[in-house]
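Colleague: Hi! Could you walk me through this one in plain words? I'm new to reading structures.

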Amino acid sequence: MLRRPMSRPIEHRYRDPLDVIWLGVARRIGWRVERSAEVYASWDGDRTLTLSDAAGFDADDCLAQMILHEICHALVQGPARLSAVDWGLCNFDDRDAIAEHACHRLQAALADTVGLRGFFAVTTDWRPYWDALPADPLAAGDDPAIALARAAWPAATRGPWSAAIADGLAATAVIARAVQPFTRRGMLWRRVAERQHPLGGGLGPDDATCAGCAWRFRGGPGRAVDRCRRHRPDGGTAPRIDPAWPACVAFEPPLAAQDCLGCGACCRHGFDLVQVGPREPLVTAGSPLVVRDGAGWHIPRPGGLCAALAPDGGQWPCTVYGDRPRSCRDFAVGGEACLEARRRVGLSR
Ligand code: SF4
Ligand code: SF4
């Protein structure tokens with residue numbers, strides 16, 4: 001029998017790989033994670049997230065889920081609430097239930113990108129809401145949490161933290177799939193979507209395929225090759241797809257002009273400037289909406305919102321639609337810039 005050495009120096013300590021990944025995600029976004037028997041989860045309003053020690057976790061809790069959950073809270077509450085203890089949310093009653101629900105929707109949508117909604121399920125008494133979420137947790141509906149979650153989606157997927165979050169999710173998915181042959185019934189690791197999209201990540205609506213997706217386009221000689229704009233790497237080539245593939249979570253149904261009133265993405269935060277030609281009606285008629293400066297003739301967009309818009313309860317009517325500038329007339333509904341604008345405002349994934 002080997003005897004345990006008494007004075008051997010230990011140079012490398014074992015750590016749970018998933019803990020390593022998500023503590024790394026927290027570090028990359030500038031957070032310090034501490035563990036304590038005194039709390040379940042608490043943000044100090046500065047840069048420290050304190051989570052319960054292992055003894056205080058439920059059996060289906062894990063550090064990965066807890067850290068992703070708190071990141072989603074931070075994203076839903078927005079940068080102004082980073083300096084507030086617990087993101088300014090009340091933990092003692094349901095007064096902030098909408099914000100909590102929005103956090104769930106955002107977390108589910110992020111987990112869906114790698115087919116891990118079941119694995120990243122929230123625990124505690126909030127679980128019934130999570131379990132009742134629809135296939136698309138960001139789809140339009142009458143739950144007020146949807147708008148909050150949608151508003152946070154661009155920051156979650158395109159903002160300064162997005163690369164760390166995406167890397168954490170992708171690394172978790174690799175482990176989740178590698179461990180499958182070794183799992184047993186009842187293990188959290190079993191809660192992994194069995195099927196993935198051929199380009200990676202989770203599947204979208206059951207009855208949809210790439211053929212019907214607005215992100216699909218035909219390129220190459222004779223426009224014979226189906227490709228996907230959505231999964232194009234930065235500056236890279238859009239990957240080939242098979243139109244018969246099941247849709248991924250970023251599936252977007254085709255858009256038409258009648259969708260614009262309820263969207264308005266290209267007129268609000270999608271782009272920076274509405275240029276107007278010097279001979280266009282708005283200029284020749286002396287519209288007070290048009291200004292001229294170093295950027296030429298244009299309609300200003302204070303805070304991203306075009307000055308010609310008159311927002312009305314989720315509708316985005318244009319007050320100069322008949323005389324709108326050519327740059328607006330030429331904007332292709334369902335084209336790449338349209339889809340990009342919708343992504344920037346959280347309407348499209
Ligand atoms: S976004 Fe998804 S569903 Fe749409 S074409 Fe690309 S891979 Fe297919
Ligand atoms: S982003 Fe596209 S769908 Fe939305 S208002 Fe502009 S053109 Fe219409």
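Modeller: Happy to, and let's begin with a sorting rule: Ala, Val, Leu, Ile, Met, Phe, Trp, Tyr, Cys and Pro count as nonpolar, Asp, Glu, Lys and Arg as charged, and the others, Gly among them, as polar. This is a predicted model, where local features need pLDDT of at least 70, side-chain atom pairs count only at pLDDT 80 or more, and totals for chains, interfaces and linings use all residues. Residues are numbered from 1 along each chain as its sequence is written, chains are lettered from A and ligands numbered from 1 in the order in which they are written, and side-chain values use heavy atoms, with hydrogens and water left out.

Colleague: Thanks! So how does the shell around ligand 1 divide by class?

Modeller: That shell has eight nonpolar, two polar and one charged residues. Among the residues surrounding ligand 1 are His197, Cys210, Cys213, Trp215, Cys228, Arg230, His231 and Cys248; a residue is near a molecule if one of its heavy atoms lies within 4 Å of it.

Colleague: And which residues are around ligand 2?

Modeller: Cys260, Cys263, Gly264, Ala265, Cys266, Phe331, Val333, Cys338 and Arg342. Seven of that shell are nonpolar, one is polar and one is charged.

Colleague: Switching topic: how many cavities of 30 Å³ or more are there?

Modeller: A search of the whole structure finds one. A cavity is a set of points, on a 1 Å grid over the protein atoms alone, where a 1.4 Å probe fits but cannot get out, and its lining residues have an atom within 4 Å of a point. The largest cavity holds about 90 Å³ of space, where a volume is the space filled by probe spheres set on the points.

Colleague: What lines the largest cavity?

Modeller: There are 14 lining residues, and the closest to its centre are Cys210, Cys213, Cys228, His231 and Cys248. By class, the lining has ten nonpolar, two polar and two charged residues. Ligand 1 takes up the space of this largest cavity.

Colleague: Nice. What about the strands: in what order do E6, E7 and E8 sit in their sheet?

Modeller: The order is E6-E8-E7, in an open antiparallel sheet. Strands here are DSSP runs (E, at least two residues), numbered from the N terminus, and two of them pair if DSSP finds at least two bridges between them. The edge strands are E6 (274–275) and E7 (291–293), each pairing on one side only.

Colleague: How many bridges join E7 and E8?

Modeller: Three, with Val291 opposite His298 and Asp293 opposite Gly296. E7 and E8 form a hairpin with two residues between them. E6 and E8 pair over two bridges, and Val274 stands opposite Ile299 there.

Technical notes: 1 Å grid on protein atoms, 1.4 Å probe; cavity = no way out; pocket = protein on both sides within 12 Å on 5 of 7 lines; lining within 4 Å. Sits in = over half its atoms within 2 Å of the grid points. Helix = DSSP H or I, 4+ residues; strand = E, 2+ residues; numbered from the N terminus.
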